[in-house]
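Have a look at it first.

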Amino acid sequence: VGVRRYSAAAVPRTGKRMLSLSRLTMQFVAVGVFCGFCVRGVYLNGSYSYTDAKTNVTKTLRGEQLFASGYTQLSALAGNLTDACAHIREQTKRMSWEQIF
């Protein structure tokens, strides 16, 4: 009981083991290449259509317009998040953890 037996046909690994850092680097590069191809596909072939709520006009953005609009939207979001974090920081400036929670 409790004795582990191995098969006679089992062969130990003889190949070199890859370091974790090099394995992670390869995965990072693969994900980066995949994302690059996805972005390229959207830039060359993709489009985004939406209907403006105020004017009820449908607009379609393609290629460079699509990425410029995305950059504008993300910049606005980053500005809003920065302002919100500054506001929270100002509110909790001189408070202890007990008062905050």
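What follows covers charged partners, then aromatic ones.

A bit of housekeeping: this is a predicted model, so to speak of local features we need pLDDT of at least 70, and side-chain atom pairs count only at pLDDT 80 or more, while totals for chains, interfaces and linings use all residues. Residues are numbered from 1 along each chain as its sequence is written, and side-chain values use heavy atoms, with hydrogens and water left out.

Side chains of opposite charge can pair when their charged atoms come close. A search of the whole structure turns up one salt bridge (a side-chain nitrogen of Lys or Arg within 4 Å of a carboxyl oxygen of Asp or Glu). The partners are Lys 93 and Glu 90, with their closest N and O atoms 3.8 Å apart. Lys 93 counts as exposed, at 52% relative accessibility (exposed is over 50% relative accessible area, buried under 20%, partly exposed in between, using a 1.4 Å probe and protein chains only).

Now for the rings. The whole structure holds three aromatic pairs (rings of Phe, Tyr and Trp, the last by its six-membered ring, with centres within 6.5 Å; planes under 30 degrees apart are stacked, over 60 edge-to-face, the rest tilted). One of them joins Tyr 43 and Phe 67: the ring centres are 5.6 Å apart and the planes sit at 50°, so this pair is tilted. Tyr 43 belongs to helix α1 (residues 20-45) and Phe 67 to helix α2 (residues 63-91), so the pair ties together parts 24 residues apart in sequence (helices are DSSP runs of H or I, at least four residues, numbered from the N terminus). Tyr 43 is partly exposed at 40%, and Phe 67 is partly exposed at 35%.

Tyr 48 and Tyr 50 make a stacked pair, 6.0 Å centre to centre with 25° between the planes. Tyr 48 is partly exposed at 46%, and Tyr 50 is partly exposed at 30%.

How values were computed. Helix = DSSP H or I, 4+ residues; strand = E, 2+ residues; numbered from the N terminus.
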